[in-house]
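Open the model in your viewer and keep the selection panel at hand. The stops below say what to pick next and what is there.

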Amino acid sequence: MAAALSFARCIVRPGLLPLCSRVWGSGARERAGLPPAQRRAFSNNKMLVELDEGSGVATVKFKSPPVNSLSLDFLTELSIGLEKLENNRGCRAVIFTSAIPKIFSAGLDITEMCGKSTEHYAEFWRAVQNIWLRLYGSNMVTVAAINGSSPAGSCLLALSCDYRIMADNPKFVIGLNESQLGIVAPFWFKDTFVNVVGHRIAERSLQLGSLHSAPEALQLGIVDELVPEEKLQDKAAAVVAQWLALPDHARQITKSMMRKSVLDRLLTHQEEDVQNFVGFISKESIQKSLRMYMEMLKKRKG
């Protein structure tokens, strides 16, 4: 409530952004002679969510070892966290990042798709749909601060944000590599990818299941900027400040106009998409491919 009131009392002075639209970095408020901003945090065993009530910017930090896999529990907690932020009128932007070194997220948890019941597959896929619908359709400014590799479903999360900044490390990779596992990326993964990079780049990358290094991802337009890892959070805050300088209603309506047809397509075919996924993932050939991949991962860890 206090944060919402502060927005209502903003005074716009010539040549300056309203205070409610500025994002203050560490120590900046104190240097400007302002009291420290209140921070409200809530967390679970999957992520830490911290809202700076002075700036209206939340940071969602994934912390689900070993690799932030997007399990059913993870997706549920993330959806609940985003809903809380959306319902908080004091929150205008979210920065997503990872607390685990070298990995943003390993993508969808393969164990959720292997050796389970059809009912479980359906529940899991609905959770994947719901997080995409919530994130891609969010009224908030969303920025992915990608401080590690980001394959498959993790790449989808990043693509769903308004802006993507990646740590400048050639060892970090990003892409929708589902075809390498014998899985076909669904139409709404494809639509999201096409809207970011264009049809030809998306088609080639999806067919080959490519994972692109950070420099290549910048060249292809998958990410918007590369910065040194130690400057990633400061850069994300600066980008958010630029976006929040605009009137919320104009930005939100424009975003909805650009994304509505893609969102509506899944909403119209949501249950059909669930059944398609369940039928596909239940095939023995697909299950065999997933089991082989899991065995490969175990050997690699060993």
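**Cysteines and overall layout**

A search of the whole structure finds 0 disulfides, a disulfide being a pair of cysteine sulfur atoms within 2.5 Å. This is a predicted model, where local features need pLDDT of at least 70 and side-chain atom pairs count only at pLDDT 80 or more, while totals for chains, interfaces and linings use all residues. Residues are numbered from 1 along each chain as its sequence is written, and side-chain values use heavy atoms, with hydrogens and water left out.

Select Cys91. It counts as buried because its relative accessibility is 7%; buried means under 20% relative accessible area, exposed over 50%, and partly exposed in between (1.4 Å probe, protein chains only). Then select Cys155, which is buried at 0% relative accessibility.

Now zoom out. The protein has 12 helices and 11 strands. These are DSSP runs, numbered from the N terminus: helices are H or I with at least four residues, strands E with at least two. Of the 302 residues, 49% are buried. Among contacts between residues at least 6 apart in sequence, 71% join residues at least 24 apart. Contact means heavy atoms within 4.5 Å.

**The largest pocket**

Select Ala106, Leu108, Ile110, Tyr293 and Leu297. Of the 40 residues that line the largest pocket, these lie nearest its centre. Helices H5 (152–159), H6 (187–197), H11 (270–281) and H12 (284–301) are the elements that give two or more residues to this lining. Which element gives the largest share of the lining of the largest pocket? Colour H12: the largest share, 6 residues, comes from there.

The space in this pocket is about 1,100 Å³. The search runs on a 1 Å grid over the protein atoms alone: a pocket is an open set of points with protein on both sides within 12 Å along at least five of seven lines, a cavity is a set where a 1.4 Å probe fits but cannot get out, and lining residues have an atom within 4 Å of a point. Grid points are joined across faces, edges and corners, and a volume is the space filled by probe spheres set on the points.

Colour the pocket lining by class: 24 nonpolar, 9 polar and 7 charged residues. Ala, Val, Leu, Ile, Met, Phe, Trp, Tyr, Cys and Pro count as nonpolar, Asp, Glu, Lys and Arg as charged, and the others, Gly among them, as polar.

**The largest cavity**

There are 3 cavities of 30 Å³ or more. The largest holds about 40 Å³ of space. Select its lining: Leu70, Leu75, Leu108, Val128, Ile131, Gly153, Leu156, Leu157 and Phe189. Helix H4 (118–136) and H5 are the elements that give two or more residues to it. H5 gives the largest share, 3 residues. By class, the lining of this cavity has 8 nonpolar, 1 polar and no charged residues.

**Helix H7**

Move to H7, residues 199–208, and pick its buried residues, Ala202, Ser205 and Leu206. They sit on the same side of H7 because they cover an arc of only 95° around the axis, taken from the directions from the helix axis to the C-beta atoms. The buried residues of H7 pack against H6 and strand S10 (212–213). On the other side of H7, Arg200, Gln207 and Leu208 are exposed. Just after H7, Gly209 has a positive phi of about 60°.

**Last stop: Ser64**

Select Ser64, in the loop between strand S3 (57–62) and helix H3 (72–87). Ser64 is buried, at 9% relative accessibility. Leaving aside neighbours within four places in sequence, Ser64 is in contact with Asn45, Lys46, Ser69, Phe74 and Ile100.
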